[in-house]
Amino acid sequence: MPSTLQEIPTLFAKYKVAKNILDRISIWNGDITRLQIDAIVNAANSRLAGGGGVDAAIHRAAGKTELQRECRQYDGCAVGEAVITSACKIEHVKNIIHTVGPQVYSSLKSSDREKLVNCYRNSLELAKENGLKSLAFCCISTGVYGYPNDDAAESVGDFLTKYLAENENIERIVLVTFLFIDYELYHEYFANFAENF
Ligand code: AR6
């Protein structure tokens with residue numbers, strides 16, 4: 001239905017809010033260690049001991065020995081929490097934020113969703129405390145930890161769009177996908193967001 005002239009200022013204000021959010025989010029398919037950005041967010045394990053997947057790629061790029069030494073300053077990291085280290089040998093990144101996502105064994109529980117969102121929230125809060133303005137997130141928990149890709153894209157999208165609307169300190173978030181399914185899911189989410197905002 002066409003809008004009336006009286007509705008235009010309201011629609012324009014809404015459009016500006018949506019544009020401000022979408023201008024600060026991008027989706028990129030590739031290796032997270034290749035990005036030039038303030039911080040990359042690692043999907044770690046609670047011992048911060050290094051592992052497979054993106055954790056292995058980040059440890060390899062940063063230098064295993066150096067990054068392990070930095071991780072040992074912490075007594076591990078609980079699920080949903082986040083800790084920060086330098087980026088060691090990755091020169092185009094200032095810091096690595098390590099967060100631990102929930103492991104989903106059979107059916108997804110609402111507490112898993114809460115923990116996943118906490119990974120993003122606590123990483124962003126840590127970025128704020130450290131004056132970091134741009135962050136790249138891998139698709140936390142959706143690999144070995146078995147979190148369903150579609151629910152992750154929706155929950156993360158819902159959280160980040162709200163967070164960016166309320167936090168101007170973050171200038172850029174890159175959602176790094178590695179599998180095409182995650183790229184498609186995010187793409188669908190943000191296309192919907194733009195259409196229905
Ligand atoms: N760049 C970006 N994303 C990547 C890369 C990369 N180089 N490599 C893999 N991914 P996962 P989780 C994607 O399994 O599910 C580790 O052993 C991958 O395709 O790395 O949180 C830790 O030590 C997927 O989309 O993390 C933990 O024990 C996403 O990264 C456990 O795995 C996350 O997959 C954590 O499991």
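**The largest cavity and its surroundings**

Author: Sorted by class, the lining of the largest cavity comprises seven nonpolar residues, two polar ones and one charged one (Ala, Val, Leu, Ile, Met, Phe, Trp, Tyr, Cys and Pro count as nonpolar, Asp, Glu, Lys and Arg as charged, and the others, Gly among them, as polar). The model is predicted, and therefore local features need pLDDT of at least 70 and side-chain atom pairs pLDDT 80 or more, while totals for chains, interfaces and linings use all residues. Residues are numbered from 1 along each chain as its sequence is written, and side-chain values use heavy atoms, with hydrogens and water left out.

One cavity of 30 Å³ or more is present in the structure (on a 1 Å grid over the protein atoms alone, a set of points where a 1.4 Å probe fits but cannot get out, its lining residues having an atom within 4 Å of a point), and the largest cavity holds about 50 Å³ of space (the space filled by probe spheres set on points joined across faces, edges and corners). Its lining is made up of Tyr-120, Cys-139, Thr-142, Asn-149, Ala-152, Ala-153, Val-156, Asp-182, Leu-185 and Tyr-186. Helix 5 (149–166) and helix 6 are the elements that give two or more residues to this lining, and helix 5 gives the most, with four residues (helices, H or I, have at least four residues and strands, E, at least two, as DSSP runs numbered from the N terminus).

Helix 6, which spans residues 180–196, also lies across strand 1 and strand 6, and it runs at about 160° to strand 1 (axes are lines fitted to C-alpha atoms, for helices over the stretch in contact, with angles from 0 to 180 degrees between N-to-C directions).

These strands belong to an open sheet of six, ordered 1-6-5-2-4-3 with mixed pairing (two strands pair if DSSP finds at least two bridges between them). Strand 1 (25–29) and strand 3 (82–86) each have a single partner strand at the edges, so one side of each lacks a neighbour in the sheet. From one strand to the next, the twist averages 25°. Strand 5 (residues 134–137) runs parallel to strand 6 (residues 172–177), joined to it by four bridges, and Ala-136 faces Val-174 in strand 6.

Finally, Leu-22, in helix 1 (residues 8–22), lies 7.9 Å from Ala-194, C-alpha to C-alpha, although 172 residues separate them in sequence.

Terms used
Contact means heavy atoms within 4.5 Å. On a 1 Å grid over the protein atoms alone, a cavity is a set of points where a 1.4 Å probe fits but cannot get out, and a pocket is an open set with protein on both sides within 12 Å along at least five of seven lines; lining residues have an atom within 4 Å of a point.
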